[in-house]
Amino acid sequence: MEVLDEPQWRARAAAHRARVERWTLPHRERRRRREPHPVMDFLFTYYSYRPQRLEQWHPGPDVLLRGGDEYLDRPGYVRDGDGVRLDPGALPPRLAGTAGFVGALLTATASRQPRLSCFGMHEWAMVYRTDAPRHWYVPLRLGRESTDAVVESLPLHCTHHDAYRFFTDAARPRNAVAPRREDQIALEQPGCLHANMDLYKWAYKLAPVTPAELIADCFELAVAVRELDMRASPYDLTAWGYDPVPVETPAGRAQYVREQAEFVRRAAPLRARLLALVERVWPAARPATAVAGR
């Protein structure tokens with residue numbers, strides 16, 4: 001059990017809040033002005049963790065907070081001697097079920113070789129042959145006809161259900177697979193940008209057991225991955241300060257693969273930390289058949 005005196009844990013809580021306010025404060029200001037952002041909004045809409053919760057600090061398991069009585073108002077915290085700690089056993093039983101799925105998914109994902117040949121075409125497939133693109137207020141870099149021609153010139157091999165489900169009706173038959181929700185453990189692989197962004201989702205789904213610093217690490221990775229995701233998209237984001245990665249060219253595809261590979265490297269230790277947390281807190285939650293879909 002790590003014991004933190006009140007000045008220690010308050011300093012850590014303040015440092016965490018200051019770190020994530022780099023993103024939460026601008027988001028709140030944009031919402032106040034009703035100003036959409038084609039890159040950053042995704043991190044606060046598709047992902048359901050509210051900015052206020054992202055700013056909250058949780059120590060994670062096996063940490064005793066002296067002078068931490070204010071945490072007794074939060075689910076899962078109990079008094080222990082002269083302090084307060086998180087007791088995972090006092091949390092809703094459904095969290096163990098979530099942990100079982102997360103452990104199985106991350107184990108299967110980590111067991112596979114990364115696939116680095118998608119070139120970010122999922123965003124292109126979301127605007128293929130439609131007059132109603134998702135980011136209607138952002139122009140297409142190449143225009144409608146040339147954008148459609150790029151989709152028709154490159155293979156589509158998206159394995160992530162939550163990307164594939166936004167493909168246009170015309171694009172779905174062009175994809176090599178038709179990933180369903182129930183295929184997620186069988187298909188997810190560590191080269192997928194969305195799989196690496198989703199580490200943030202799995203981190204906050206296990207909150208408050210997940211230490212706030214790990215949630216912030218996963219969110220920081222998700223921000224960087226989302227930026228590549230949209231820089232490689234068909235949208236012209238120069239007005240928002242993003243230079244394109246022109247995947248319609250050989251040089252652009254090579255750049256995309258380099259950056260994609262770097263995210264594989266950065267995501268691996270975060271995935272391992274989340275798996276270690278699952279195994280530590282819910283040792284029975286990770287089934288032996290976790291990689292059966294490999």
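Start by selecting C158: this cysteine is buried, with a relative accessible area of 11% (buried is under 20%, exposed over 50%, partly exposed in between, using a 1.4 Å probe and protein chains only). You're looking at a predicted model, where local features need pLDDT of at least 70, side-chain atom pairs count only at pLDDT 80 or more, and totals for chains, interfaces and linings use all residues. Numbering runs from 1 along each chain as its sequence is written, and side-chain values use heavy atoms, with hydrogens and water left out.

C218 is buried, at 0% relative accessible area. Across the whole structure, the search turns up zero disulfides (a pair of cysteine sulfur atoms within 2.5 Å).

Next, hop to M121 in helix 5, residues 121-125 (helices are DSSP runs of H or I, at least four residues, numbered from the N terminus). M121 counts as buried at 2% relative accessibility. Show A232 as well: 111 residues separate M121 and A232 in sequence, yet their C-alphas are 8.2 Å apart.

Finish on the surface with R50, R53, R94 and K205, which gather in a patch of positive charge (patch residues have over 30% relative accessible area and no salt bridge, with like charges joined within 9 Å; a salt bridge puts a Lys or Arg side-chain nitrogen within 4 Å of an Asp or Glu carboxyl oxygen). Zoom in on R94, found in helix 4, residues 94-110. R94 counts as exposed, at 62% relative accessibility.

Key:
Patches are made of residues with over 30% relative accessible area and no salt bridge: like charges are joined within 9 Å, nonpolar side chains (Val, Leu, Ile, Met, Phe, Trp, Tyr) within 5 Å. Accessible areas come from the Shrake-Rupley method with a 1.4 Å probe; for residues, only the protein chains shown count as cover. Lys and Arg count as positive and Asp and Glu as negative; His and the chain ends are not counted. The place of a charge is taken as NZ of Lys, CZ of Arg, CG of Asp or CD of Glu. Helices (H or I, at least four residues) and strands (E, at least two) are DSSP runs, numbered from the N terminus.
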